[in-house]
Amino acid sequence: MKASVFRHGINLWPPFLFTGIHVTDVSPDYRHVRVELRMRPWNRNYVGTHFGGSLFAMTDPFWMLTVMQNLGRDYYVWDRAGEIEFLKPGRGTVVAEFRLDEALLDQLRAATASGGKYLHWFSNDIVDANGEVIARVRKQVYLRLKPEARQRAE
């Protein structure tokens, strides 16, 4: 799917549309994604800061999706685990960015070349308008080369 079409579609997806989550950029090669969470009355917690569930939701699908788009249909790619560490109260608009490079993709290909499963932890920060880290998110992604793709490679 063309990255611009994906960006528009995911911004209309109800879990993002109704929480103030907005994908502002998806590079054509899916190696960079930028996501914002805008403060809204319906995504504030009891003390007036960003609701933690919204902070986690703004990061949820992107490591899996960027890896899936870059490795292609020859791989199983699934989210397996996730965790978030809240470091500072979040207010205003906060941002998370996701970046894949060729070295990491080569590492993932090499780790799955035998056909076995590989679990990889990705990490990124959520920052406020001042560039201060308000939360650190880690996502574990399951990867495996599909058997038919391995047979074709042999």
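Two strands are said to pair if DSSP finds at least two bridges between them. Helices (H or I, at least four residues) and strands (E, at least two) are DSSP runs, numbered from the N terminus. The legends below describe a predicted model, in which local features need pLDDT of at least 70 and side-chain atom pairs count only at pLDDT 80 or more, while totals for chains, interfaces and linings use all residues. Residues are numbered from 1 along each chain as its sequence is written, and side-chain values use heavy atoms, with hydrogens and water left out.

**Figure 1. Strand β5 and its partners β4 and β6.**
Strand β4 (residues 94–99) runs antiparallel to strand β5 (residues 118–127), and 2 bridges join them. The hairpin of β5 and β6 has 5 residues between the strands, and glycine 131 takes a positive phi near 80 degrees in it. In a regular strand the side chains alternate between the two faces of the sheet.

**Figure 2. Helix α4 and its covered residues.**
Helix α4 spans residues 62–71 and is mostly covered, with 7 of its 10 residues buried. A residue is called buried under 20% relative accessible area, exposed over 50%, and partly exposed in between (1.4 Å probe, protein chains only). The buried residues are Phe62, Trp63, Met64, Thr66, Val67, Asn70 and Leu71. Glycine 72 follows the helix and has a positive phi, near 90 degrees.

Valine 67 lies in helix α4. This residue counts as buried because its relative accessibility is 0%. Contact means heavy atoms within 4.5 Å. When neighbours within four places in sequence are left aside, valine 67 is in contact with Val77, Leu100, Leu108, Phe122 and Leu143. Valine 77 is 10 residues away from valine 67 along the chain, and their C-alpha atoms are separated by 7.5 Å.

**Figure 3. Threonine 49 in a loop.**
Threonine 49 is placed in the loop between β2 (32–37) and α3 (52–57). Its relative accessibility is 6%, so threonine 49 counts as buried. Apart from neighbours within four places in sequence, threonine 49 is in contact with Met39, Asn43, Arg44, Pro89, Gly90 and Arg91.

**Figure 4. Tyrosine 30, a residue with positive phi.**
The loop between β1 (21–26) and β2 holds tyrosine 30. Although tyrosine 30 is not a glycine, it has a positive phi of about 60 degrees. Tyrosine 30 is buried, as its relative accessible area is 5%.

The C-alpha trace spans about 55 × 30 × 25 Å along its principal axes. Of the 154 residues, 40% count as buried.
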